[in-house]
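Subject: A structure for you, with notes on what was found

Dear colleague,

Here is the structure I promised to hand over.

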Amino acid sequence: MVTKEEVLDALKTVSDPEIGVDIVNLGLVYNIDIADGVVNIRMTMTAPACPVTDWILAEAQRRVEEIPGVKEANIELVWEPPWNLDMISDEARKMLNL
C-alpha cells in the first residue's frame, strides 16, 4: 500500500527551478488522497502566471507514478487558499535566508 510519506518523499524531488526549493517545502502541496493505488493531489503554484507550472505538474505526476504500487497520479491545480510566504517550511526558509 502506498503511503502519504512515500508520496511526499517523491514530491520533494520536484523543485521549482526558479526558486530552487522543492514543492513540498514551498508549501505548494495542499492535500494528498490515496485509494486503491490512485493518488490524488491538490496543489497550487506561487503565482497564477508561473511560467513553469506545466513542467512542475507533469514532473510531480511522473515522480509519484514511479512509486511502486501507484497505478495513477492525478494533480489538481487549485488557487484557494492562495499561496503565501507563510506556507514555506522552516527548512526552506533557511535555504532561502528568510
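Two strands are said to pair if DSSP finds at least two bridges between them; strands (E, at least two residues) and helices (H or I, at least four residues) are themselves DSSP runs, numbered from the N terminus. With that in mind, you can find Met 43 standing opposite Leu 77, which belongs to β5.

Before going further, please note that this is a predicted model, in which local features need pLDDT of at least 70 and side-chain atom pairs count only at pLDDT 80 or more, while totals for chains, interfaces and linings use all residues. Residues are numbered from 1 along each chain as its sequence is written, and side-chain values use heavy atoms, with hydrogens and water left out.

The sheet

The sheet is an open one, formed by 3 strands in the order β3-β4-β5 with mixed pairing. Its edge strands, each pairing on one side only, are β3 and β5 (72–77), and from one strand to the next the twist averages 15°, where axes are lines fitted to C-alpha atoms, for helices over the stretch in contact, and angles run from 0 to 180 degrees between N-to-C directions. Between β4 and β5, which are parallel, there are 6 bridges.

Helix α2 lies across β4 and β5 and runs at about 150° to β5.

The core

Which residues have the most contacts inside the largest nonpolar core? They are Val 7, Leu 11, Ile 23, Ile 41, Met 43 and Val 64, in a core of 28 residues. At least two residues each come from α1 (4–11), β3 (29–35), β4 (38–43) and α2 (53–65), and α2 gives the most, with 4 residues. Such a core is a set of buried Ala, Val, Leu, Ile, Met, Phe, Trp, Tyr and Cys residues joined through side-chain atoms within 4.5 Å, and buried means under 20% relative accessible area, with exposed being over 50% and partly exposed in between (1.4 Å probe, protein chains only).

In α1 the buried residues are Val 7, Ala 10 and Leu 11. They cover an arc of only 100° around the axis, so they sit on the same side of α1; the arc is that of the directions from the helix axis to the C-beta atoms. These buried residues pack against β2 (21–22), β3, β4 and α2.

Over in helix α2 you will find Thr 53, which counts as buried because its relative accessibility is 10%. If residues up to four places away in sequence are not counted, Thr 53 touches Met 45 and Leu 77.

Salt bridges

The whole structure holds 4 salt bridges, each being a side-chain nitrogen of Lys or Arg within 4 Å of a carboxyl oxygen of Asp or Glu. In one of them Glu 76 is joined to Arg 42, with the closest N and O atoms 3.5 Å apart; this pair links distant parts of the chain, since Glu 76 lies in strand β5 and Arg 42 in strand β4, 34 residues apart.

A network of salt bridges links Glu 59, Arg 62, Arg 63 and Glu 66. Glu 59 and Arg 63 are about one helical turn apart, because 4 residues separate them in helix α2.

With best wishes

Definitions and conventions: Contact = heavy atoms within 4.5 Å.
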